Amino acid sequence: MTEPIEVDILLVEDNPDDLELTLHALRREHLANNIFAVRDGEEAVEFLFCTGRFQQRDFDHLPRLVLLDLKLPKLNGLEVLKRVKQDPRTKALPVVVLTSSKEERDLVASYNLGANSYIQKPVDFDRFREIVKSAGLYWMVINQRPLSNPAQASRAASQP
Amino acid sequence: MNSAPRILLVDDNPADANLTCEVLATSEHPAQVSTVQDGEQALQFLHRSGQFAEAIRPDLIILDLNLPRKDGRAVLAEVKADPALNEVPVVIFTTSHSPRDIARCYELGANSYVSKPGNLAQFFSAVRSIENFWFGFASLPN
Amino acid sequence: MTQPSKNGNRNQRLHVLLIEDAPSDAEIEIAELRNGGFDVTADVVETADQVRARLGKNSYDVILADYSLPNFRGMDTLEILREKNLYTPLILVTGALSSETAVECVKQGAVDYVMKDNLARLVLSVRRALEDTRLRQERARSHEQLAHKVEELARSNCDLEQFAYVASHDLQEPLRMVAAYTQLLAERYRGKLDITADRYIGYAVEGATRMQALLEDLLAFSRIGRNGVTPTPIDANTAIEEVLKNLAFTLKEHNVTITCNPLPTILADRFQMVQLFQNLIGNAIKFHGKQPPNVTISAEKHGEEWLFSIFDNGIGIAVEHKEFIFKIFQRLHTRAEYPGNGVGLAICKKIVEHNGGRIWVDSELGHGSNFRFTFPAALADKAGKKEDYELSAENLVGR
């Protein structure tokens with residue numbers, strides 16, 4: 001997938017079926033113009049921190065929302081979440097965990113690490129679509145996102 | 001969510017609190033709403049102290065920013081710094097649209113930030129969207 | 001030699017520092033000045049230390065210095081003056097001096113030089129030096145006053161804008177309560193009270209809703225210039241595209257034809273540009289006459305400025321109203337005739353002026369209006385390779 005500069009949603013998902021379903025649901029509802037998907041935790045970290053394969057990206061163009069699976073190859077979702085939420089440059093980025101895990105400890109760990117929200121992927125197709133639609137709507141439309149650039153944000157934070 | 005979800009609503013404006021509660025009461029997932037009007041009471045509620053000794057930890061906190069005694073930002077900071085409380089999602093629900101406030105709240109760890117619309121229908125819709133998402137689709141820590 | 005005094009103020013006080021090692025020369029110079037109409041008090045010194053000491057203790061109107069003394073170079077006084085941040089004029093009064101040296105001294109900061117064998121020039125030279133000092137002091141004073149006024153003005157502006165912001169911001173909350181609850185009353189009690197009550201509630205709702213719109217506009221107005229956004233190069237064509245998207249419904253509803261000529265790239269705040277164009281185009285559509293609205297947008301380069309025009313075939317504006325309409329809250333029609341608060345053009349004016357431009361309207365009642373504004377051309381022109389394109393309602397629907 002060629003990667004546009006302005007990315008609305010970053011999907012971190014290694015399961016191709018789930019990926020397809022999510023993309024389809026998001027596109028159908030016209031919730032985002034530019035959705036970019038990465039398949040493992042390492043790629044996600046590179047993308048968000050503008051390193052490695054994504055060196056040419058910059059912190060002015062962070063995605064507006066990250067949908068993050070937990071079971072990922074190379075680097076698991078909780079680790080990605082931890083790094084994003086502990087770095088001041090990315091901390092304010094809305095990260096919604098979207099996972100098949102039913103483990104209570106994953107849920108608690110996610111919220112503890114600062115996940116903005118946690119959604120369990122249902123088995124049912126239609127319900128899955130409904131969830132993606134609702135989450136997309138809430139996080140892209142209802143929720144006020146912070147300014148994407150920490151320099152902008154700290155400028156904003158210091159204004160009278 | 002087996003039992004009715006619990007919401008702590010922190011809003012010093014009784015008119016707004018009233019509207020919010022109305023929407024929450026008529027939802028698909030009727031919630032138990034406790035309302036407090038200032039930041040200090042909010043923290044007492046969450047710490048189960050004083051008059052709130054019997055309080056139960058809420059599943060969701062809907063928090064206004066401009067509150068008497070202790071303002072919303074201070075409440076947010078305390079909640080998110082407290083390991084016993086920080087997993088409770090906090091939705092900031094405020095009239096402020098200021099980028100400064102938005103940035104500050106996310107810095108302090110707010111889960112979500114929703115601006116109170118000026119228009120009645122949109123206000124209802126916003127509250128509806130909040131409870132619909134958080135209780136209909138998101139999973140919350142017990 | 002006596003010198004007739006030039007302007008009869010025989011008693012003009014003159015405090016002189018004379019740097020001269022020959023007492024007789026010093027006396028002659030002082031006498032010359034007295035003859036010239038000055039009431040002279042003089043201190044005569046010879047060394048750098050003495051110069052420093054005197055300058056430290058007293059203030060002098062002029063310094064007369066010999067070029068070379070046994071223990072001191074007269075010109076070194078300039079350095080001492082600089083040290084002490086003094087601007088006392090220095091006149092060299094000296095014996096033989098080559099013209100090159102003399103000119104060099106003046107270049108280095110002496111205000112003049114007078115030869116000891118031509119002391120007739122001394123009085124004139126001193127008068128000129130005093131006049132220069134006076135002018136310099138006056139200029140410094142008026143600069144200070146100006147700076148002070150500018151600071152006051154800036155502070156006052158800031159206060160005003162803060163006030164407008166806080167007022168409208170803080171007014172929104174109680175207003176929201178009124179608007180929400182009167183609406184609830186209207187919805188839930190309609191038909192349950194009497195007809196009069198319904199009507200009263202209707203008026204209350206209308207008032208509250210209008211005030212909300214007004215406050216939002218006022219807030220938008222006060223925000224211009226306060227949000228500290230740095231201007232970036234904005235392609236005006238894309239700003240227009242965004243406006244047309246925002247107005248899509250209205251364009252369709254009124255069957256509007258828009259012609260957009262190629263527009264340049266300008267240095268501006270994107271949000272403000274969209275606001276500016278949207279207000280102007282919105283007005284062009286709103287104040288239409290009997291025919292479907294036709295709006296043409298174009299820009300021409302005039303020297304260092306871009307001149308934008310938004311031309312419409314609407315109802316036009318009478319000559320006497322052309323300035324009035326840019327004032328905040330001024331309207332020419334009742335709300336029944338045309339909706340609106342009267343803030344749109346005031347916002348346009350503020351945006352344009354904040355960016356260093358001017359805005360005005362060329363119009364005739366009944367013959368459409370041409371709203372024009374200028375924008376400094378800070379960038380190399382990128383007028384865009386877009387063709388003229390005509391957008392009609394049908395084209396837009398398909399998008």
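**Exercise 1.** Which residue just after α4(A) takes a positive phi?

*Solution.* The model is predicted, so local features need pLDDT of at least 70 and side-chain atom pairs count only at pLDDT 80 or more, while totals for chains, interfaces and linings use all residues. Residues are numbered from 1 along each chain as its sequence is written, and chains are lettered from A and ligands numbered from 1 in the order in which they are written. Helices (H or I, at least four residues) and strands (E, at least two) are DSSP runs, numbered from the N terminus.
1. Locate helix α4 of chain A, residues 104-113.
2. Just after α4(A) comes G114(A), with a positive phi of about 105°.

**Exercise 2.** Identify the buried residues of α4(A) and what covers them.

*Solution.* 
1. A residue is buried if 20 or more other C-beta atoms lie within 10 Å of its own, exposed if 12 or fewer, and partly exposed in between, with C-beta atoms placed from the backbone.
2. In α4(A), the buried residues are D106(A), L107(A), A109(A), S110(A), Y111(A) and L113(A).
3. Their cover includes α3 (77-86), β4 (95-99) and β5 (117-120) of chain A.

**Exercise 3.** Characterise the side of chain C that touches chain B.

*Solution.* 
1. Two residues are in contact if their C-beta atoms, placed from the backbone, lie within 7 Å.
2. Ten residues of chain C are in contact with six residues of chain B.
3. The largest share of the chain C side, nine residues, comes from helix α5 (residues 122-189) of chain C.
4. Ala, Val, Leu, Ile, Met, Phe, Trp, Tyr, Cys and Pro count as nonpolar, Asp, Glu, Lys and Arg as charged, and the others, Gly among them, as polar. By class, this side has five nonpolar, three polar and two charged residues.
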